[in-house]
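This report describes the side-chain interactions and the chain contact of one protein model. Please consult the sequence and coordinates alongside the text.

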Amino acid sequence: DTGVSQDPRHKITKRGQNVTFRCDPISEHNRLYWYRQTLGQGPEFLTYFQNEAQLEKSRLLSDRFSAERPKGSFSTLEIQRTEQGDSAMYLCASSYPPGLAIETQYFGPGTRLLVL
Amino acid sequence: GESVGLHLPTLSVQEGDNSIINCAYSNSASDYFIWYKQESGKGPQFIIDIRSNMDKRQGQRVTVLLNKTVKHLSLQIAATQPGDSAVYFCAENRSSASKIIFGSGTRLSIRP
């Protein structure tokens with residue numbers, strides 16, 4: 001399977017703990033996105049990278065959140081001092097902007113986080 | 001402001017019938033629109049997209065219609081099958097911004 005992969009698929013943690021999620025994009029894709037999805041809602045944009053550069057961050061991404069993509073391949077999303085409100089599905093997507101054509105983002109299976 | 005909304009939260013369709021899922025958007029600056037399908041426990045799966053300068057696009061068993069006059073988007077699924085059961089999201093994007101803005105979703109259920 002050469003799609004977007006995410007690890008772990010599920011994470012249960014206690015409030016105040018730090019968690020880190022990993023995303024491996026489709027290999028030739030140079031753009032990588034993080035979204036958050038709460039129950040019954042559509043995904044909400046958090047941040048995105050082009051290669052290793054983080055180009056945009058949503059105001060949803062508080063200072064407890066940090067994302068990296070050090071080598072322009074996989075990315076990590078860390079949440080420090082987790083709160084119950086952080087419980088959600090964290091989705092990663094990747095794309096390869098094809099010039100004038102529409103850029104299609106392909107999503108991974110997500111990491112479901114539950115903060116107790 | 002930006003918003004992409006859906007007319008109905010749930011839709012129940014008889015197996016074999018056609019399904020029509022509707023979506024309204026408010027941002028006239030959107031360059032293209034995308035439909036995603038999300039099954040339980042999985043990430044959104046790309047179905048079909050359409051540029052804002054088009055009014056219809058067809059794929060395999062799916063058709064997307066875009067009416068810019070009333071800012072309305074629809075997804076038609078022909079001969080609905082049990083495997084079509086999922087939540088369907090419409091989403092919009094602009095060439096000047098890479099993020100996708102999603103609506104809240106319509107759950108499609110299939111009656112045998």
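## Contact between chain A and chain B

The model is predicted. Chain A and chain B bury about 1,600 Å² between them, and 54% of that area lies on carbon and sulfur atoms. From chain A the contact takes 22 residues, and from chain B 19 residues. Pro43(A), Ile102(A) and Phe107(A) supply 32% of the area that chain A buries against chain B, more than any other three residues.

The polar part of the contact comprises 4 residue pairs in polar contact, counted with both residues at pLDDT 80 or more. On the side of chain A that touches chain B, E4 and strand E5 (44-50) of chain A each supply at least two residues. E4(A) gives the most to this side, with 4 residues. The count of salt bridges between chain A and chain B is 1.

## Aromatic pairs

Over all chains, the structure holds 15 aromatic pairs. In one of them, the ring centres of Tyr35(A) and Phe107(A) are 5.3 Å apart and the planes stand at 50°, so the pair is tilted. This pair links distant parts of the chain: Tyr35(A) belongs to strand E4 (residues 31-37) of chain A and Phe107(A) to strand E10 (residues 106-107) of chain A, 72 residues apart. Tyr35(A) and Phe107(A) are buried.

Phe107(A) also pairs with Phe102(B); the ring centres are 5.9 Å apart and the planes lie at 75°, so this pair is edge-to-face. The pair crosses between chains, from strand E10 of chain A to Phe102(B) in strand E10 (residues 97-102) of chain B. Phe102(B), like Phe107(A), is buried. Both rings belong to one aromatic cluster, which is formed by Tyr33(A), Tyr35(A), Phe45(A), Tyr48(A), Tyr106(A), Phe107(A), Tyr36(B), Phe46(B), Phe89(B) and Phe102(B).

A ring also meets a charged side chain in chain A: Arg22(A) lies over the face of Phe74(A), at 3.9 Å from the ring centre.

## Salt bridges

Side chains of opposite charge can pair when their charged atoms come close. The structure holds 7 salt bridges over all chains. One of them is formed by Lys99(B) and Glu56(A), at 3.9 Å from N to O. Lys99(B) lies in strand E10 of chain B and Glu56(A) in strand E6 (residues 53-57) of chain A, so the pair joins two chains. Lys99(B) is partly exposed, at 24% relative accessibility, and Glu56(A) is likewise partly exposed, at 26%.

Within chain B, Glu39(B) and Lys42(B) meet in a salt bridge at 3.8 Å, N to O. Glu39(B) has 28% relative accessibility and counts as partly exposed; Lys42(B), at 45%, also counts as partly exposed. Another salt bridge joins Asp84(B) to Arg61(B), with the closest N and O atoms 2.9 Å apart. Here the partners come from distant parts of the chain, 23 residues apart: Asp84(B) is in the loop between strand E8 (72-77) and strand E9 (86-94) of chain B, while Arg61(B) is in the loop between strand E6 (56-58) and strand E7 (62-67) of chain B. Asp84(B) is buried, at 6% relative accessibility, whereas Arg61(B) is partly exposed, at 31%. Salt bridges that share partners also join Arg64(A), Glu83(A) and Asp86(A) into one network.

## Surroundings of Ser30(B)

Ser30(B) is situated in the loop between strand E3 (19-25) and strand E4 (32-38) of chain B. Its relative accessible area is 4%, so Ser30(B) is buried. The side chain of Ser30(B) reaches the backbone oxygen of Asn27(B) at 3.0 Å, and a polar contact of 2.4 Å joins the side chains of Ser30(B) and Glu92(B). Not counting residues up to four places away in sequence, Ser30(B) touches Ser52(B), Glu92(B), Asn93(B) and Arg94(B).

## Surroundings of Glu78(A)

Glu78(A) is placed in strand E8 (residues 75-79) of chain A. With a relative accessible area of 24%, Glu78(A) is partly exposed. Glu78(A) and Phe65(A) are 13 residues apart in sequence, and their C-alpha atoms are 5.7 Å apart in space. Not counting residues up to four places away in sequence, Glu78(A) touches Asn18(A), Val19(A), Thr20(A), Arg64(A), Phe65(A) and Ser66(A).

Definitions and conventions
Residues are numbered from 1 along each chain as its sequence is written. Chains are lettered from A and ligands numbered from 1 in the order in which they are written. This is a predicted model: local features need pLDDT of at least 70, side-chain atom pairs count only at pLDDT 80 or more; totals for chains, interfaces and linings use all residues. Side-chain values use heavy atoms; hydrogens and water are left out. Rings of Phe, Tyr and Trp (its six-membered ring) pair if their centres lie within 6.5 Å; planes under 30 degrees apart count as stacked, over 60 as edge-to-face and the rest as tilted. Buried means under 20% relative accessible area, exposed over 50%, partly exposed in between (1.4 Å probe, protein chains only). A charge sits over a ring if NZ of Lys or CZ of Arg is within 6 Å of the ring centre and within 35 degrees of the ring normal. Contact means heavy atoms within 4.5 Å. Buried area is the accessible area (1.4 Å probe) that two parts lose on being put together, summed over both. A salt bridge is a side-chain nitrogen of Lys or Arg within 4 Å of a carboxyl oxygen of Asp or Glu. A polar contact is a pair of N or O atoms within 3.5 Å; within protein, one must be able to donate a hydrogen and the other to accept it, and residues adjacent in sequence count only if both atoms are side-chain atoms.
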